[in-house]
Amino acid sequence: MSDQAIAIDKRSGQFNGALLERLRRLGIALILPASIIAAWHLTAVSGRVPAYLLPQPLEVLNWLVRLVSTGELQRHLSTSIARAGIGFALGVSAATVLGVLTGYLLGWRRVVDPTIHALRTIPGLAWSPMFILWFGIGESSKYALIALVTFFPVYLNTMAGVAGVDRKLIEVGRVNRLSGLRMMTRILLPASLPSYFVGLRQSMGIAWIVLVAAELMGASSGIGFLLLDGQMTGRPALVMACMIIFALCGKITDIAISTIARHVLAWQDTLHTGE
């Protein structure tokens with residue numbers, strides 16, 4: 001057998017091994033959801049819980065199929081994704097800039113950080129009436145609410161990441177005559193990226209949570225609006241279908257951010273690196 005054939009067989013074996021490992025992990029991850037669905041089905045069909053309180057999984061699946069086949073899911077989901085994405089982008093952009101500044105400049109931190117921590121304790125929903133007064137019931141108020149709640153996790157993690165950079169790294173940068181913007185881009189930002197990505201994942205999850213409240217502010221489309229419509233018209237299967245859609249959207253976006261983080265932070269030598 002030629003060296004080329006041996007190399008091809010080796011790559012094929014590595015690919016098959018990686019595929020089997022991914023399937024094994026997927027199977028492990030699906031154990032708990034499958035158990036929950038099984039318990040849900042047994043409880044629903046037993047008749048102990050009224051159907052208007054707990055619909056059967058098949059009813060929820062029928063609603064999902066109906067939403068896809070009629071095009072309603074695509075229309076409402078695209079609206080919700082746009083709202084979550086724009087609000088998330090606005091909040092993350094402001095949090096990144098302010099987090100880097102407060103983490104790097106002690107004087108700036110003493111002035112800004114206490115106020116931000118005070119604002120952070122105000123529930124996001126408490127801002128809704130004010131945003132409606134300031135921005136109306138259009139899209140702007142929804143973007144503002146999502147941007148606000150996604151701001152704080154990214155800000156806190158970015159500030160903590162920058163402020164917690166090893167002093168020795170900063171001294172090395174100063175020895176190499178790095179300062180200001182070059183110090184931030186060469187030393188501070190790369191060293192704070194692990195903390196930054198944690199903030200991104202937290203903020204993305206919060207964005208989907210608050211999206212429901214945002215879409216209650218005079219919305220006529222979106223998954224949150226569809227969920228409220230199901231609740232108001234007594235269709236629990238539709239409500240649970242919307243909950244599942246939210247869960248899938250949150251999981252998909254979390255996987256996307258985690259995948260980006262894994263590639264960007266490939267230089268890290270951590271406990272599970274290479275697993």
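Trainee: What should I know before I start?

Mentor: The model is predicted, so local features need pLDDT of at least 70, side-chain atom pairs count only at pLDDT 80 or more, and totals for chains, interfaces and linings use all residues. Residues are numbered from 1 along each chain as its sequence is written, and side-chain values use heavy atoms, with hydrogens and water left out.

Trainee: How do I read two packed helices?

Mentor: Two packed helices are described by the angle between their axes and the distance between the axes. Helices here are DSSP runs (H or I, at least four residues), numbered from the N terminus. Axes are lines fitted to C-alpha atoms over the stretch in contact, and angles run from 0 to 180 degrees between N-to-C directions. Take α6 (residues 128-135) and α7 (residues 139-163): they pack at about 140°, with axes 9 Å apart. That makes α6 oblique to α7. Angles under 35 degrees count as roughly parallel, over 145 as roughly antiparallel, 65 to 115 as roughly perpendicular, and the rest as oblique.

Trainee: Which residues meet between α6 and α7?

Mentor: Contact means heavy atoms within 4.5 Å. S128, F131, I132 and F135 in α6 meet S140, S141, A144, L145 and L148 in α7. The contact divides into 6 nonpolar, 3 polar and no charged residues. Ala, Val, Leu, Ile, Met, Phe, Trp, Tyr, Cys and Pro count as nonpolar, Asp, Glu, Lys and Arg as charged, and the others, Gly among them, as polar.

Trainee: At what angle do α7 and α9 cross?

Mentor: Roughly 155°, and the axes of α7 and α9 (residues 181-214) come within 7 Å. That makes α7 roughly antiparallel to α9. Their contact has 15 nonpolar, 9 polar and 1 charged residues.

Trainee: And α4 with α10?

Mentor: α4 and α10 (residues 223-232) pack at about 125°, with axes 7 Å apart. That makes α4 oblique to α10. Here E72, L73, H76, L77 and S80 in α4 meet I223, G224, F225 and L226 in α10.

Trainee: How do I read a pocket?

Mentor: On a 1 Å grid over the protein atoms alone, a pocket is an open set of points where a 1.4 Å probe fits, with protein on both sides within 12 Å along at least five of seven lines; lining residues have an atom within 4 Å of a point. The lining of the second largest pocket includes G103, Y104, R109, V162 and L188.

Trainee: Which helix gives the largest share of that lining?

Mentor: α8, with 3 residues. The lining of the second largest pocket divides into 8 nonpolar, 1 polar and 3 charged residues.

Conventions: Helices (H or I, at least four residues) and strands (E, at least two) are DSSP runs, numbered from the N terminus.
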